[in-house]
Amino acid sequence: MNIEILKETRILYVEDEQEVRDNIIFFMNKSVGEVIPAQNGVEGLEKFKASLENKDQLFDLIITDINMPKMNGLDMIEKI
């Protein structure tokens with residue numbers, strides 16, 4: 001993949017474990033444009049819906065954990 005495309009990529013990353021989330025975001029930030037974190041499926045869905053209000057804020061990729069409190073990753077993806 002062209003590195004310039006990665007620099008323009010906007011990712012929604014949904015993970016309930018703080019340490020895992022922080023580590024993954026740290027490494028992703030080295031090669032992608034923007035990583036937006038969410039702690040659970042409810043927060044991830046809210047951030048996704050908010051991104052729809054502005055075409056410049058749309059996500060190119062969603063990465064999610066499956067087992068999380070409030071709403072699991074599969075239910076969140078289904079609602080998206």
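Lys70 is exposed, with a relative accessible area of 72%; here buried means under 20% relative accessible area, exposed means over 50%, and partly exposed lies in between, using a 1.4 Å probe and protein chains only. Lys70 belongs to the loop between β3 and α4 (73-79). Helices (H or I, at least four residues) and strands (E, at least two) are DSSP runs, numbered from the N terminus. The phi angle of Lys70 is near 70 degrees, a positive value in a residue other than glycine.

Before I continue, a word on the basis of these values. This is a predicted model, in which local features need pLDDT of at least 70 and side-chain atom pairs count only at pLDDT 80 or more, while totals for chains, interfaces and linings use all residues. Residues are numbered from 1 along each chain as its sequence is written, and side-chain values use heavy atoms, with hydrogens and water left out.

From Lys70, I turn to Glu17. These two residues are 53 apart in sequence, and their C-alpha atoms are 13 Å apart in space. Glu17 is found in the loop between β1 and α2, and with a relative accessible area of 48% it is partly exposed. Glu19 lies in helix α2 and is exposed, at 62% relative accessible area. Glu19 and Leu6 are 13 residues apart in sequence, yet 24 Å apart in space, C-alpha to C-alpha.

Let us now consider the chain as a whole. The protein chain contains four helices and three strands. Read from the N terminus on, its elements follow the order α-β-α-β-α-β-α. The radius of gyration is 12 Å, close to the 12 Å that the globule rule gives for 80 residues, so the protein chain is as compact as a globular protein of that length. That radius is taken over C-alpha atoms, and the rule is 2.2 Å times the number of residues to the power 0.38. Along the principal axes, the C-alpha atoms fill a box of roughly 35 × 30 × 15 Å. Of the 80 residues, 32% count as buried. Among contacts between residues at least 6 apart in sequence, 60% join residues at least 24 apart; a contact means heavy atoms within 4.5 Å.

Next come the strands. Why is strand β1 (residues 10-14) described as largely enclosed by the rest of the structure? Five of its five residues are buried, so the strand is largely enclosed. Arg10, Leu12 and Val14 lie on one side and Ile11 and Tyr13 on the other, all buried, so that both faces of β1 are covered.

Two strands pair if DSSP finds at least two bridges between them. With strand β2 (residues 34-38), β1 pairs in the parallel sense over five bridges. Tyr13 stands opposite Pro37 in β2. Between these two strands the chain passes through helix α2 (residues 18-28), and this β-α-β crossover is right-handed. The term right-handed applies if, with the strands pointing away from the viewer, the path from the first strand over the helix to the second runs clockwise. Strand β3 (residues 61-64) is parallel to β1 as well, joined to it by four bridges. Within β3, Thr64 is the bridge partner of Val14.

Arg10 leads us to the side chains. Its charged end sits over the ring of Phe59, 4.5 Å from the ring centre. This description requires NZ of Lys or CZ of Arg within 6 Å of the ring centre and within 35 degrees of the ring normal. Arg10 and Phe59 are also among the residues in contact with Ser51, together with Gln57 and Leu58, leaving aside neighbours within four places in sequence. Ser51 itself is in helix α3 (residues 41-51) and counts as buried, at 3% relative accessibility.

Finally, the structure holds one aromatic pair. The ring centres of Phe26 and Phe27 are 5.2 Å apart and the planes stand at 80 degrees, so the pair is edge-to-face. Rings of Phe, Tyr and Trp (its six-membered ring) pair if their centres lie within 6.5 Å; planes under 30 degrees apart count as stacked, over 60 as edge-to-face and the rest as tilted. Phe26 is partly exposed, with a relative accessible area of 49%, whereas Phe27, at 52%, counts as exposed.
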